[in-house]
Amino acid sequence: MVRGEGLGVVALKRLSDALADGDPIEAVVLATATNQDGRTNGLTAPSPVAQSLLLSGALKASGLAPSDITFVETHGTGTPLGDPIEFSALRDVYGATAEDPICWLGSVKANLGHLEFAAGIASVLKTLGALKHGTVPPQINIDALNPRIDLTGQRFAIARQEESWTDSARRYAAVSSFGFGGTNAHAILAHPDAVPAVRQARTAAETARRHAPDTGGPAVLMPLSARSPEALAAHVDRTARALEGAPAVALTAAASTAARRRAHHPVRVAVTAELPEDLPAAVRRAGERLATTGPQRAGRPRLAFVYSGQSGQWPRMGMRLADRDPLVAGELARWDEATTRAGGPPLLETLRGPDSARALKDTRFAQIGIVALQLAVTARLRAWGLTPDAVTGHSVGEVAAAVAAGSLGRTEAAQVLLARGEALHRHATGGAMLAVRAGAPEVQALLDRLTERDASLATVGIAALNAPGTVVLSGPASRLAAVQPLLHPWRTTPLETDYAFHSPGLGPAAEEIRSALGGLRTKGEDIALFSTTTGGRVDGRSLDAEHWAANAARPVRFTEAVDTLFDAGVTAFVEIGPHPALTSHLRRALRDRGVDGVAVSTLRSERHEAACLWRAAGDLWEAGCDVNWEALHPGPPDTFPLATYPWQRRAHWIPGTRSPAGTGGPPQTAVAESPPGQASPFSATAPPSPAAAHDGPGAAHAHEDPAHEAHGDDPGARVLALLLETVAEAMEVDPGALSVDHPTRDFDVDSVVFVELKSRLENELGTAIPLTALTEGASLREIARRLALPERRLTSNDEARAALERIDELSEAEVAELLSTLENREEW
């Protein structure tokens, strides 16, 4: 008998689930059957009756006719008796008539030999390949048929060369596998195209794809990850090559496959493209970036949503996103309803209209538009699984933060925005703002000196503290223009606004807001809320009229709020607003504190809004934030044949062993990278010395020499030496390469070695030792200790018999000692 070795794996899934999940289906199992030969003339003599019953039962369960089966992968033992009996059963069940379509016969055993437990799966894998490619492979090494098999006048044939199979819609095959002990198994498989349910599902999917609205091409996000930087670099390179030349629909499927059908490892890079056809180039750029900057290693960050103030707004902002994202559109529509009901301007009509740019310069509309868009983006991020641990907002952004935290409802937020906008439009118009690259104490000292000389300059003051060494000044335009030349030691940048937000002269605005919001309803926060009005964490119930008056009139204490967020453990920030205004400050804060974190923005002025959001989600995923990939890639996940994982090849060799002849060194095997921060006990880049290897059953503890230790003064030294010598000899390793503290079951030895060890120990120690004492997990050191201790000395069978014969002569203490000794034997 020509034996072979092998292993095969297929993934089985209920057809309805596979269709619902959009899984690639290689074949459909229509029916299976098993039975037993029962008693026959001999161990190698199969039962023709049992085989016929097996095949007919499977055929009946499949609902097919005998003529539908056009390929049978036989068990094919190659024996004079087995093959004719198997053919006889096939002829009885599938023979039909000679006029029926040809039914091809084959057996993979001619290629692989007898695989024993893997014989059946090998036959299934061969049949899957034939079904997929529509080709019957030739049967090799066949010169003449068994004389007891006659194909004359039969529909059966054996392929002597590669043969074209039938159309996929009529492609059915049967597979047989018979066990040595008489167990028989038979399966009937179909090409997916031959199954009506599969055809209907594919037609429905194609129809839905054809009728999908044209949104100008959706952005794509492809997450790529590995267990090490080297593996990630290889993975990105393989992926770039796999994507070359693929059509746009396949590239979208590739991104979905990477997101939903691949494990997400800790070393990551997220690749975003505005259009699917841009994805291959984006992946190549990601590879180039990895080569220079290295990858992001995901952690477990605490995430904060940071809402920007009134800045960066642009005409029709968010409208393209709303056109292609129903969730965003729905959230904006609800804000439109809430603000118009409260007496405010129509949100969507204004944003989409020709006067959008002019309206967004008016703070009465700009504040509403910015907060509504911020909270629509928040809804999208949350739907993607990005849930904040904390929120904060800069100036008017604190209204959005309060809604996100659950402290304000949409109706209450609309009241705050309308009151705030009206008061600031009335009292802050005609102003200007100026960013100054200098510390707050130095700038305030200069302003104090200027005010002493000219009291009218008291209307100019610090409006915001955005970062250490960066402040914003605000005041009437003419007064700020008079101050600006005196700031020449520092870099200054005028802000694009006609309002003096947060300037010293806004006391009347604060009073109006306080009066308008006297009955404001608030509630406790669901998410930690950090205020830039107070500089620290606040209780949502305290966000009353007084708070919002201060929010509009007092300086923005953004730096303090960020510091308290750091103190709360936040290391990941996402700025939510129409254009980045705070991200650079957050990144600088991370650098200044030496925190390994991330700060990302969402939307950008006049940029592809969906791509910006996907990029933000990808950046946060890189840092380790949880992302709901089913929400990012909804519906049945598409499939694309991405490259397999790039295993990093490492030497796998037990120190002290003899290198195989002719190899010139240890063999190379593929092993998975160890998790970050963990060493693999069985892998190294080179064969380590016994002193350097540790933490594995085939490695000695560092700074220890077990062989030397075994001959020391330890009571179990002689026993330990004997244990080491016997196990090392069986494993063909040096005794110094073995760990005396690893369980014996981890050693690569079989039970025969332990039987020999048991015999040698019993001869040496003159006592009986149960085999389980050596095989049930104790370490060599523990076994030696137990055997060597006097109180653990085991009683031999002869000693036990002799003691039992004179048990009446023993004292109670001697009987107790005997029972204790016998119980100790069981403890092994």
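These legends accompany close-up views of a predicted model.

**View 1. Confidence along the chain of the predicted model.** The average pLDDT is 86. Of the residues, 85% score at least 70. Residues 213-217 stay under 50. For that stretch the model has 5 contacts beyond four places in sequence. Residues 659-712 also have pLDDT under 50, and there the model has 108 contacts beyond four places in sequence. Where pLDDT is low, the predicted coordinates should not be read in detail.

**View 2. An open sheet of 6 strands with mixed pairing.** The strand order is S19-S18-S13-S12-S20-S21. Strands S19 (537-538) and S21 (598-601) stand at the edges, each with a single partner strand, so one side of each lacks a neighbour in the sheet.

View 3. Phe530 has Arg537 of S19 as its bridge partner.

**View 4. Helix H14 packed on the sheet.** Helix H14 spans residues 363-383. It touches strands S12 (302-307) and S20 (570-576). The directions of H14 and S20 make about 130°.

**View 5. The cavity found in a search of the whole structure.** The search finds 1 cavity of 30 Å³ or more. The volume of the largest cavity is about 40 Å³. Its lining residues are Ser395, His502, Thr532, Thr533, Ala550, Asn551, Arg554, Pro555 and Val556. By class, 3 are nonpolar, 5 polar and 1 charged.

Note on methods
Residues are numbered from 1 along each chain as its sequence is written. This is a predicted model: local features need pLDDT of at least 70, side-chain atom pairs count only at pLDDT 80 or more; totals for chains, interfaces and linings use all residues. Side-chain values use heavy atoms; hydrogens and water are left out. pLDDT is the predictor's confidence in each residue, from 0 to 100. Contact means heavy atoms within 4.5 Å. Two strands pair if DSSP finds at least two bridges between them. Helices (H or I, at least four residues) and strands (E, at least two) are DSSP runs, numbered from the N terminus. Axes are lines fitted to C-alpha atoms, for helices over the stretch in contact, and angles run from 0 to 180 degrees between N-to-C directions. On a 1 Å grid over the protein atoms alone, a cavity is a set of points where a 1.4 Å probe fits but cannot get out, and a pocket is an open set with protein on both sides within 12 Å along at least five of seven lines; lining residues have an atom within 4 Å of a point. Grid points are joined across faces, edges and corners, and a volume is the space filled by probe spheres set on the points. Ala, Val, Leu, Ile, Met, Phe, Trp, Tyr, Cys and Pro count as nonpolar, Asp, Glu, Lys and Arg as charged, and the others, Gly among them, as polar.
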